[in-house]
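User: Could you take a close look at one sheet here and walk me through how its strands are arranged and which side-chain pairs belong to it?
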Amino acid sequence: MPFGLKNAGATYQRLVNRMFADQLGDTMEVYIDDMLVKSQNATDHVEHLRDCFKILNEYGMKLNPTKCTFGVTSGEFLGYIVTRRGIEANPKQITAIIDLPSPKNKREVQRLTGRIAALNRFISRSTDRSLPFYQLLRGNKAFVWDDKCEAAFNELKAYRTTPPVLSKPEHGETLYLYVSVTNAAVSGVLVREDRGDQKPIFYVSRSLDGAESRYPTLEKLGLAIVVAARKLRPYFQSHTIVVMSAQPLRTILHSPSQSGRMAKWAVELSEYDIEYRNRTSTKSQALADFLIELPPEAILITPTSQDWSLYIDGSASRHGCGAGIRLISPTNEILEQCFRLEFKATNNEAEWEALIVGLRLAKEVGVKRVHAYSDSQLVTNQLHHEYDARDERMNAYLKLTEALILSNFDCFVITNISRSENFAADALASLATSSDSDLKRIIPVETIPDPSIDLPCGASRMSVIINDSEVGGIEDEPDRIDQVDQAVQNDHTDSTDHPDQTDQIDWRDEISNYIKDRKVPEDKWAARRLKSKSAHYVVMGGKLYKWSAAGVLLQCVIGDTISAIMTETHEGEGGNHSGG
């Protein structure tokens, strides 16, 4: 090929892949012009070399003797040291970090992060260890190498003095994935078991951007698995992966209330053979950094039996400002109240007013222990002193709230939650915003169990397709599909025209049994197909539903129930209408 073409490397790689197709992965590894001939036994090595030279002669290729090494037990390949024990870091790359002096400008920090990136697969939770360096490079901040950066630099040097040896997995072996999340990064390690010992295969780590850092904790764990699957795709495709976690990840991935991201990740992970198991005791020093799966601040504090839950929300719009309060006792008695603010306020000020009013309400009730929940990051983080209250009004609200807490409550905890989890207080705040401030009234909430009109045939409340807002009411509302199914079964009981109907195999049982009890076929590939298919299904109230491409749930039915539903639908409002 002519020199200078951009596709020269890819074209040459395709050529050598075709040349050594029978040897790759068995006795040879080839990457462009780097060739490695490997043998388990020394007696077979000469024969493997003879096969390699024979192919090279057939294609007219020549080797440079000065760059060849024969009959060694270890050697450098693609920048790593390959030995009988496994894959080791190149001593030259380690020395380059250990001998590096403390950086004095951003250019030297970039040089340091580049050398760390070359050894990422050998560094446990490398992003967490290198976080102070990355923070120096963000934005246009002035370069300040403080004690925190120096301590992280020295800790990294000490860690690199004893680098781990990465193991090589055997064909068909089950591999284990451990993950860990922090507020700034997600990390994972893929390990294999060898004679009762757990040996690392690959370390992965990735920092979280602005939006990802605000994911719920369980979604961060899901992201850690997805990051590992994308980075280690060859391992995930050729091995069964067991995810070791103390969190109910499998249940969450198949939950009907999962977010759009979790549903997308569940489908993406369904192509691999992945199992989820509870964590057991670790058997290797290589997993010491993964003993703590979640950071302490990510573990919600469980209220004691004496704690009252206080949900608050403030709202400010062009129609006015309001606050919503929902106070729940330890015995689940609920006190709800909304307030309209008769003065102009920003949304942050409305959030502070809601918290203050909620604390005063709890004080009047005689509460001494309060666990507050707010969807305002500013209020929560300023009370935790993670944000500075630089604005004069915000600082005044902070001091007033702290004085109210210290003088009236024995215990106070505030937790930041998403807006979807705070929907009740949000609805109360919106009601106060849109209501008439001069009119005091009580609004009772009653239920209407049935429609006020007689529905024509085919227009019943039967709902095969439901949206997200209907999911919560599936188990409570009468299910028209079950009525149709029961009618069909009764017809078959009374009729002799279908003697084999009861022997029909229900295809739903296999999927339902896997989701509920993790029952899989004995055949390996049939089990993998079932796991992949089940990612699109959920079980609620003993019924099987499938997620459609539009994000709605479709109830699964079989047999003559399908015909009965279609007949009832198309002979009613959906049927032909004559006479215009």
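Analyst: Happy to! The strand order in this open sheet of 5 strands is β8-β7-β6-β9-β10, and the pairing is mixed. Two strands pair if DSSP finds at least two bridges between them; strands themselves are DSSP runs (E, at least two residues) and helices are runs of H or I (at least four), numbered from the N terminus. At the edges sit β8 (197–207) and β10 (274–277), each of which pairs on one side only. On average, neighbouring strands are turned by 25° against each other, direction ignored, with axes fitted as lines to C-alpha atoms and angles running from 0 to 180 degrees between N-to-C directions.

This is a predicted model, where local features need pLDDT of at least 70 and side-chain atom pairs need 80 or more, while totals for chains, interfaces and linings use all residues. Residues are numbered from 1 along each chain as its sequence is written, and side-chain values use heavy atoms, without hydrogens or water.

Now to strand β7 (residues 185–194), which is antiparallel to β8 over 10 bridges. E193 stands opposite Q198 in β8. R192 forms a salt bridge (Lys or Arg side-chain nitrogen within 4 Å of an Asp or Glu carboxyl oxygen) with E173, and their closest N and O atoms are 3.0 Å apart. This pair links distant parts of the chain, 19 residues apart: R192 is in strand β7, and E173 is in the loop between α6 (147–160) and β6 (175–181). Both R192 and E173 are buried, meaning under 20% relative accessible area, where over 50% is exposed and in between is partly exposed (1.4 Å probe, protein chains only).
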